Structures are given as C-alpha cells and as structure tokens.
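Welcome, and please open your viewer. We will take a short walk through one model, with something to select at each stop.

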Amino acid sequence: MPLVALSGGDPPVTTANCFRVLGQPWTFVLDGEGKIVNLYAGRVEVESLKDDLAGHDGP
C-alpha cells in the first residue's frame, strides 16, 4: 500500500478528492496490514507520530 505523504506522490488536492476529505486535516496511522491504529484531528505533534510508529501507546 503506497503512502500518501511520500515525496513525489499525488498532489494534496488529488488525495483529498480520492478520500473525500473536507475540512480540517486528519492524520491516520496505519499498521502493516492497512488497519487504522490511531488518528488525529487537526495538528499532530511529531513525538506522537514517533510513538505510534514505534508501537507505544500515548499518555
């Protein structure tokens, strides 16, 4: 499964249209099987994403 945030990937407008994204940004963290393991509405801190990618639960 490709990552939508990859450099050189689809433009943001194309990605938003594909997933019918409207309004504030959402960040979805997926596992290796493509299942959502966490999501964030609006701004997300880098440390939170690092914790998610490392497999640690947040506070």
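**Stop 1: the whole chain**

Start with everything selected, and keep in mind that this is a predicted model. The chain holds 2 helices and 2 strands, and reading along the sequence gives the pattern α-β-β-α. Show the surface next: the accessible surface of the chain is about 5,300 Å², with carbon and sulfur atoms contributing 59% of that area. How much of the chain is buried? Of its 59 residues, 10% are buried. As for contacts in the chain between residues at least 6 apart in sequence, 6% of them join residues at least 24 apart.

**Stop 2: colour by confidence**

Now colour the chain by pLDDT. The chain has a mean pLDDT of 77, and 81% of its residues reach 70 or more. Select helix α1, residues 12–19: among the elements of the chain, this helix has the lowest mean pLDDT, 76. Then move to α2, which has the highest, 90. A word of care while you look around: where pLDDT is low, the predicted coordinates should not be read in detail.

**Stop 3: the charged pairs**

Side chains of opposite charge can pair when their charged atoms come close.

E33 is exposed, its relative accessible area being 65%.

*R43 and E45.* Go on to this pair, where the closest N and O atoms of the salt bridge are 3.4 Å apart.

*E47 and K50.* For the last pair, select helix α2, residues 46–54. E47 and K50 form a salt bridge here, and their closest N and O atoms lie 3.7 Å apart. Where do the two residues sit in helix α2? They are 3 residues apart in that helix, so about one helical turn separates them. K50 is partly exposed, with a relative accessible area of 47%.

**Before you leave**

Technical notes
Residues numbered from 1 in each chain as written. Predicted model: local features only at pLDDT ≥ 70, side-chain atom pairs only at ≥ 80, totals over all residues. Heavy atoms only, no water. Buried < 20%, exposed > 50% of the residue type's maximum accessible area, 1.4 Å probe, protein only. Salt bridge = Lys/Arg side-chain N within 4 Å of Asp/Glu carboxyl O. Helix = DSSP H or I, 4+ residues; strand = E, 2+ residues; numbered from the N terminus. Contact = heavy atoms within 4.5 Å. Areas by Shrake-Rupley, 256 points an atom, 1.4 Å probe, with all protein chains shown as cover. pLDDT = per-residue confidence, 0-100.
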